[in-house]
Amino acid sequence: YRKINLGLLGWSAQDIGRLMVGLKVVARFYPEYAEYLDKVLLRWSFCQVIDGNGELLKSATVNGRVIAKPEGVLGYSEYTAGAFGLWGFPVGISANLPYNTTFIYGIPIDFDSRDARTTYVPSVVVSLPYLLTAMELRSTPTFKQQKKRIDNVYRVQEQRWQKEHILTARSDYFTSVAPY
């Protein structure tokens, strides 16, 4: 057993949350492994990943120093908070980010209202966190909280197809070549 220093490698609460959901799914379908999966998580220290206010964090290297920053944007933050919630973590702040609303085809779409210059993440609306929430967290309070947003993102995509015959399933990726 060798302890890993998260500060040297960096971390992402969002990636850890995805793994936590996977471990919970395995435990549900194979209960004989649940105790061992619990022990895996109990060996980890989450002190750098979640602060005392329930905000999920990621690391970034700035001028050669590793610093913790808030993780995620609207949609992903709620999904990740739901993943941590499966294991009993209190993640109130990350589950309730500030947002604004715009209308597309008359349908309200919420988006992260925090300044991207401080979060270091562009404020975009993508399908993936809502799809993951609907598929993986359906029986949780996170799904109930996000249901309207999930439905609205789908309805906008449906309307775009009906009105413009353009299929849309937007996800986040960064590339310097077309399609951007």
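Buried residues are those with under 20% relative accessible area. The views below are taken from a predicted model.

**View 1. Buried residues of helix H6 and their surroundings.** Helix H6 spans residues 128-136. Its buried residues are Pro-129, Tyr-130, Leu-132, Thr-133 and Ala-134. The cover over the buried residues of H6 includes H2, H4 and H7.

**View 2. Packing of helix H6 against helix H7.** Helix H7, formed by residues 141-164, packs with H6 at an angle of about 130°, and the two axes lie 9 Å apart. Because of this angle, H6 is oblique to H7. The crossing in which H6 passes H7 is left-handed.

**View 3. Residues in the contact of H6 with H7.** Tyr-130, Thr-133 and Ala-134 contribute from H6, while H7 supplies Thr-142, Phe-143, Gln-146, Arg-149, Ile-150 and Val-153.

**View 4. Helix H4 and its cover.** Helix H4, residues 76-86, is mostly covered, with nine of its 11 residues buried. The buried residues of H4 are Tyr-76, Ser-77, Glu-78, Tyr-79, Thr-80, Ala-81, Gly-82, Ala-83 and Phe-84. Among the elements that cover them are helix H2 (13-29), H6 and H7. H4 is in turn included in the cover of the buried residues of H6.

Methods
Residues numbered from 1 in each chain as written. Predicted model: local features only at pLDDT ≥ 70, side-chain atom pairs only at ≥ 80, totals over all residues. Heavy atoms only, no water. Axes fitted to C-alpha atoms, helices over the stretch in contact; angles between N-to-C directions. Helix = DSSP H or I, 4+ residues; strand = E, 2+ residues; numbered from the N terminus. Parallel < 35°, antiparallel > 145°, perpendicular 65-115°, else oblique. Left-handed = near helix turned anticlockwise from the far one by under 90°. Contact = heavy atoms within 4.5 Å. Buried < 20%, exposed > 50% of the residue type's maximum accessible area, 1.4 Å probe, protein only.
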